[in-house]
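Subject: Structure for your files

Hello,

Please find the structure below, with notes on what was found in it after that.

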Amino acid sequence: MTKPAKTGNFRRRFMEALGPLGVFFEGFLEQPRMVGSIIPSSRFTIRKMLAPVKWDECKLFVEYGPGVGTFCQPVLERLRQDGALIVIDTNPLFIDYLQRTITDSRFIAVLGSAADVETIVRDNGHDHADYVLSGLPFSTLPDGVGPAIAKATYDVLRPGGAFLVYQFSAKARDFMAKHFTRIDAGFEALNILPCKLFWGWKENAA
């Protein structure tokens, strides 16, 4: 009866021994519909995705599906000292890895759903988020989850904030367009696979 658990533990130890890529691949094997790729994003994608962020105005940055933290360190390097980074993932493997490897006091890793971002933000002492980043694969999420995430993200953002999305397909834009009237688009070829980039801006109140 204990053999499957022992096999799973051995596989996990083996994957962790391979470093972040091993942990990332293990997470993909466990929840393939919730992980956008088996390869983390390139530095070119990271740089281009984060370029529009006004870091001096950012007190709370939220990320959905952080994986092994490919974006976390670049965000923390740019984030103001009194800011915070909250990452949300449904995979306990990723959350455990991030909690063990990132010691920055501004960093908070939450096991949960991005659809619950408003509650998670409030529970961590904030009224809103300034920017939300997502690499979740909207095209393969369970029915209803994509629209719920898009709406919750719009609601949690402050006016002037943005929803930053990188994808292999344009499906996420369809969900974003129901809430964000301004969506800037880009493309990064130097990524495995090349990906589409979207920035949905929450317009300032009139």
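**Chain overview**

Of the contacts in the protein chain with a separation of 6 or more, 66% are between residues 24 or more positions apart; contact means heavy atoms within 4.5 Å. This is a predicted model, in which local features need pLDDT of at least 70 and side-chain atom pairs count only at pLDDT 80 or more, while totals for chains, interfaces and linings use all residues. Residues are numbered from 1 along each chain as its sequence is written, and side-chain values use heavy atoms, with hydrogens and water left out.

The protein chain has 8 helices and 7 strands. These are DSSP runs numbered from the N terminus, with helices being H or I of at least four residues and strands E of at least two. Of the 206 residues in the protein chain, 47% are buried (under 20% relative accessible area, with exposed over 50% and partly exposed in between; 1.4 Å probe, protein chains only). The protein chain exposes about 10,300 Å², and 56% of that comes from carbon and sulfur atoms. Accessible areas come from the Shrake-Rupley method with a 1.4 Å probe; for residues, only the protein chains shown count as cover.

Thr45 is in helix 3 (residues 43–50) and counts as buried because its relative accessibility is 0%. Leaving out residues up to four places away in sequence, Thr45 touches Phe71, Glu188, Leu190, Asn191, Cys195 and Leu197.

Leu76 belongs to helix 4 (residues 72–78) and, at 2% relative accessibility, is also buried. With the same exclusion of residues up to four places away, the contacts of Leu76 are Leu85, Ile102, Asp104, Arg106 and Phe107. Arg106 is 30 residues from Leu76 in sequence, and their C-alpha atoms are 7.9 Å apart.

**Aromatic rings**

The structure holds 8 aromatic pairs. Rings of Phe, Tyr and Trp (its six-membered ring) pair if their centres lie within 6.5 Å; planes under 30 degrees apart count as stacked, over 60 as edge-to-face and the rest as tilted. Phe163 and Phe180 form a tilted pair, because their ring centres are 6.1 Å apart and their planes are at 35°. This pair links distant parts of the chain, 17 residues apart: Phe163 is in strand 5 (residues 157–167), and Phe180 is in the loop between helix 8 (171–176) and strand 6 (182–188). Phe163 is buried at 0% relative accessible area, and Phe180 is buried at 2%.

One aromatic cluster is formed by Trp55, Phe61, Tyr131 and Trp201. Lys202 lies over the face of Tyr154, 4.6 Å from the ring centre; a charge sits over a ring if NZ of Lys or CZ of Arg is within 6 Å of the ring centre and within 35 degrees of the ring normal.

Regards
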